[in-house]
Amino acid sequence: MIYSRIAGTGSFLPGAAVSNADLVARGIDTSHEWIVERTGIHARHIADPAQASSDLALPAAEAAMQAAGITPDSIDLIIVATSTPDFVFPSTACLLQAKLGVKGCPAFDVQAVCSGFVYALATADKFIKSGQHKCALVVGAEVFSRILDWNDRSTCVLFGDGAGAVVLQASEQPGVMASALHADGSHAGILCVPGHVRGGLVTGDPMLRMDGQAVFKFAVRVLDEVARETAAAAGLELSEVDWLIPHQANVRILNATAKKLGIPADRVVVTVGRHGNTSAASIPLALDESVRVGRINRGDKVMLEGVGGGFTWGAVLLEF
Ligand code: UT7
């Protein structure tokens, strides 16, 4: 049987950390206490105006390839999960491919907002299991700071910029054990950027809008359901999962999800306090940090799960 297995991880955060106090100093009508109490967020990173998603993706991808011990010419598939692409087109994946100096392999973006990395990883797994591809670069990269309304305190304090990447290789060793992806477009309105370009002008609202409480309730429900579904598909009990890496949106969502699943808090990876919500980048960023500090090791069973605009949600359960 062909498995797909993570051969290396990498990540990149732009610039210095921006604290809650820094946001207050910039004139946002908020407080460190409110942000920490409601979200657990202490800081986030914000890209320089000249940096686009592909610029954050490149160092993350290079770090993942170095960890995997491969060079870009080994890559035969590139998938980038992003909702903040450099351009309308070409895809950020094609721009990243050019920056890596390789040609020919398929490269495309996945747009599933905060579930994007899980969607991309599950997609790459299926490409590899088909036998047609051997070495995929799977990236989550975002500059959400570009789509934030800095006058809307209920959203602008929550998000940050960053990128994370994995090299996924064909292997006889497990590997991705199971995945599940879902969407329900009838909930599009509770988390969206409803503007678009028409005739060279932005029409509609080009900023992120969110019904925070509706998103919160939806997220806790589906993160519980999809983790159970994916563990069952892999033939594992939840108690056999060594690490849970949920999308990093709000520490209260992470705690509520872990509690519902019966997974102890010290088995849940939490980086939202230092990164904020980096959308499609949050899961690979959290994975890479955990691998590099030696928390996640070879053989560990890791559940990655995301939820976000669309609405979309999904999970990948893998043996690292
Ligand atoms: O990636 C997936 C997408 N995002 C999420 O998963 C986020 C899900 N939702 C949440 O995390 C939470 O709903 C929020 C953190 C967004 C909001 O927390 P909440 O406990 O649901 O607060 P709330 O919206 O009910 O607002 C409570 C109060 C309001 O004031 P009043 O009406 O009670 O006087 C808000 O105006 O907090 C006020 N408020 C703020 N105060 C200070 C809202 N934002 C802020 C702020 N600073 N930044």
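Which strand is Ser171 found in? Ser171 sits in strand 7, residues 161-171. Strands here are DSSP runs (E, at least two residues), helices are runs of H or I (at least four residues), and both are numbered from the N terminus. The model is predicted: local features need pLDDT of at least 70, side-chain atom pairs count only at pLDDT 80 or more, and totals for chains, interfaces and linings use all residues. Residues are numbered from 1 along each chain as its sequence is written, and side-chain values use heavy atoms, with hydrogens and water left out.

Stay with Ser171. Its relative accessibility is 16%, so Ser171 counts as buried. Buried means under 20% relative accessible area, exposed means over 50%, and partly exposed lies in between (1.4 Å probe, protein chains only). Setting aside residues up to four places away in sequence, Ser171 touches Met1, Ile2, Tyr3 and Arg5. Contact here means heavy atoms within 4.5 Å.

Now go to the nonpolar interior. In soluble globular proteins, nonpolar side chains tend to be buried together. A nonpolar core is a set of buried Ala, Val, Leu, Ile, Met, Phe, Trp, Tyr and Cys residues joined through side-chain atoms within 4.5 Å. The largest one has 47 residues. Val157, Leu208, Met303, Val307, Phe311 and Leu317 touch the most other members. Two or more residues each come from strand 8 (176-183), helix 7 (212-234), helix 8 (251-261), strand 14 (301-308) and strand 15 (312-319). Helix 7 gives the most, with 10 residues. Domain 1 (3-172) and domain 2 (177-319) both contribute residues, so this core lies between them. The domain bounds come from an automatic or database domain assignment.

Val307 shows the contacts in detail. Apart from neighbours within four places in sequence, Val307 is in contact with Cys114, Ser115, Phe218, Ala219, Val222, Leu223, His247, Thr312 and Trp313. A second, separate core has 32 residues, including Ile79, Val118, Leu121 and Val138.

Next, the charged pairs. Side chains of opposite charge can pair when their charged atoms come close. A salt bridge is a side-chain nitrogen of Lys or Arg within 4 Å of a carboxyl oxygen of Asp or Glu. The structure holds 11 of them. One joins Arg209 and Asp152 (3.6 Å, N to O). This pair links distant parts of the chain, 57 residues apart. Arg209 is in strand 12 (residues 209-210), and Asp152 is in the loop between strand 6 (135-143) and helix 6 (153-156). At 25% relative accessibility, Arg209 counts as partly exposed. Asp152, at 17%, counts as buried. Both residues belong to a network of salt bridges that also links Asp149 and Asp205.

Glu225 and Arg221 meet at 3.3 Å, N to O. Both lie in helix 7, four residues apart, about one turn of the helix. Glu225 is partly exposed at 39%, and Arg221 is partly exposed at 39%.

Another bridge joins Glu289 and Arg274 (2.9 Å, N to O). Glu289 is in helix 10 (residues 282-292) and Arg274 in helix 9 (residues 272-275), 15 residues apart. Glu289, at 22%, counts as partly exposed. Arg274 is partly exposed too, at 45%.

Finish on the surface. Val88 lies in the loop between strand 4 (77-81) and helix 4 (92-100). At 75% relative accessibility, Val88 counts as exposed.
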